[in-house]
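Please look through the sequence and the structure below before reading the briefing. The notes that follow are grouped by topic.

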Amino acid sequence: MTDVRFVSARRAAPPAPAPRPGELFAAFLWVGLSGFGGVLPFARRMLVEKRAWLGEAEFAESLALCQTLPGPNIVNLTIVVGARFAGPAGAFAALMGLVAAPVAIVLVLAALYGRYGGVGRIPAMIAALGAAAAGLVAATAARMAWPIVRRAPVSAAPFMLLAFAGVGVMRWPLAWVLLALAPLAIAVAWRWRR
Amino acid sequence: MKGLGETLGALAIQFCGLSLVAFGGANAVIPEIQRQSVGLHHWMSDREFAALFAIAQAAPGPNFMISTLVGWKAAGLAGALVATAAMCAPSCLLTFWVVKLWDRYRDAPLRHAVGAGLAPVAVGLVASSAWLLSRAADLQWRLAAVTVVTALAAYLSKLNPLWWLAAAAALGLSGVLG
């Protein structure tokens, strides 16, 4: 319960009551059903804009934690958010909300695709969906980047470029990039605060 | 052909291991999933793997579901459930444990510096995903245009992103994207 109080106290007014497991399940069910080829834009929209369960900074911070840990990032995010608001039951409810429906749907789609995947313009539709999904991820990156660029253009923004250069352009293994960048970024953030 | 129990065991071992090394999410371990499923266990051909990956991308939901489809291909519904659970459970337990520590030290200055330091790195990684996804998806200039227009539209408006996906799907079906 202490966790809940901390989170509520930090959130901008007016503080919404901490969600219960049932609400977490329902909210992440919507997220899971919305995202194509990655649900991050939808998770951000639900958590920050629609329900205001997390502030912009809290979301970026939680996501950073999830990306530092191994495993599917968005799955880790359900655990972080669920556990923070409603303990183990909340974590389990959020996780089940996220995965149950998509797993059922993807199995149905796999069966359908086996039969009709090459028919007519279905391949063109899937290609267009993939292109649009990439654009949504780019928009998410831009929305996350803007507050950081404004708040800390010198101490934080360069680490965005370095992470992008290492993982996106050079295609270096993520573990190496994180091992090199994370301690440096944390040290700079630490110095900047004092 | 091996027995069902043996295949389910192999799926559990494969995806439990991948769950704990998937730094940066499921897309980081796609090459390793392919190597094990096609080369090591012979559950499918390269072509079948590519098709399953496309379906996982096109379906709603998180992008780790390639593991669900590999399990399904290897051992039916039981395989799908075992692979999905194995891909999620180890990293979830780890995350659950770490986040409790994380929140306990919420007001510690060092923890704040960790959060503030990692946030821009995370943004760079999301940008990397966008870049790599668009390079995989944008096989010709019309598809690249779809990516750019979708990015701008989603950035500039607060409309549900599903509308942009629906518009792209409609364009694809109409045939104007070639």
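Which residues are exposed on the other side of α1(B)? They are B:G5, B:E6, B:I13 and B:V21, where exposed means over 50% relative accessible area, buried under 20% and partly exposed in between, with a 1.4 Å probe and protein chains only. This is a predicted model, in which local features need pLDDT of at least 70 and side-chain atom pairs count only at pLDDT 80 or more, while totals for chains, interfaces and linings use all residues. Residues are numbered from 1 along each chain as its sequence is written, chains are lettered from A and ligands numbered from 1 in the order in which they are written, and side-chain values use heavy atoms, with hydrogens and water left out.

**Confidence**

- The predictor assigns the complex an ipTM of 0.72 and a pTM of 0.70.
- Chain B has a mean pLDDT of 84, with 92% of its residues at 70 or more; pLDDT is the predictor's confidence in each residue, on a scale from 0 to 100.

**Chain make-up**

- Chain A contains 8 helices and 0 strands, helices being DSSP runs of H or I with at least four residues and strands runs of E with at least two, numbered from the N terminus.
- Chain B contains 7 helices and 0 strands, and its C-alpha trace spans about 55 × 55 × 25 Å along the principal axes.
- Buried residues account for 53% of the 194 residues in chain A and for 51% of the 178 residues in chain B.
- Of the contacts (heavy atoms within 4.5 Å) with a separation of 6 or more, those between residues 24 or more positions apart make up 51% in chain A and 52% in chain B.

**Nonpolar cores**

- The largest nonpolar core has 106 residues, of which A:F28, A:L47, A:F59, B:L11, B:F15 and B:V70 touch the most other members; such a core is a set of buried Ala, Val, Leu, Ile, Met, Phe, Trp, Tyr and Cys residues joined through side-chain atoms within 4.5 Å.
- Helix α5 (residues 73–116) of chain A supplies the largest share of this core, 17 residues.
- A second, separate core of 9 residues has A:F159, A:A163, A:V167 and A:L178 among its members.
- Once neighbours within four places in sequence are left aside, A:F59 is in contact with A:L40, A:A43, A:R44, A:L47, A:V48, A:L54, A:L77 and A:M144.

- Helix α2 (residues 21–34) of chain A has 14 residues and reaches 20 Å from its first C-alpha to its last, close to the 20 Å expected at 1.5 Å a residue, the expected span being 1.5 Å times one less than the number of residues.
- The buried residues in α2(A) are A:L24, A:A27, A:F28, A:V31, A:G32 and A:S34; seen down the axis, they fall within an arc of 165°, so they line one face of the helix, the arc being that of the directions from the helix axis to the C-beta atoms.
- The cover over these buried residues of α2(A) includes α3 (40–50) and α5 of chain A, together with α7 (162–174) of chain B.
- Helix α1 (residues 4–21) of chain B has 18 residues and reaches 26 Å between its first and last C-alpha, close to the 26 Å expected at 1.5 Å a residue.
- In α1(B), the residues B:T7, B:L8, B:A10, B:L11, B:Q14, B:F15, B:L18 and B:S19 are buried, and they cover an arc of only 160° around the axis, which puts them on the same side of the helix.

**A buried serine**

- B:S91 belongs to helix α4 (residues 66–104) of chain B and counts as buried, at 0% relative accessibility.
- The side chains of B:S91 and B:S19 are joined by a polar contact of 3.1 Å, meaning a pair of N or O atoms within 3.5 Å; within protein, one must be able to donate a hydrogen and the other to accept it, and residues adjacent in sequence count only if both atoms are side-chain atoms.
- Leaving aside neighbours within four places in sequence, B:S91 is in contact with A:P70, A:G71, A:P72, A:N76, B:S19 and B:L20.

**Positive phi angles**

- A:A52, although not a glycine, has a positive phi of about 55°; A:A52 lies in the loop between α3 and α4 (56–68) of chain A and is partly exposed at 36% relative accessibility.
- B:H42, also not a glycine, has a positive phi of about 55°; B:H42 sits in the loop between α2 (30–40) and α3 of chain B and is exposed, with a relative accessible area of 61%.
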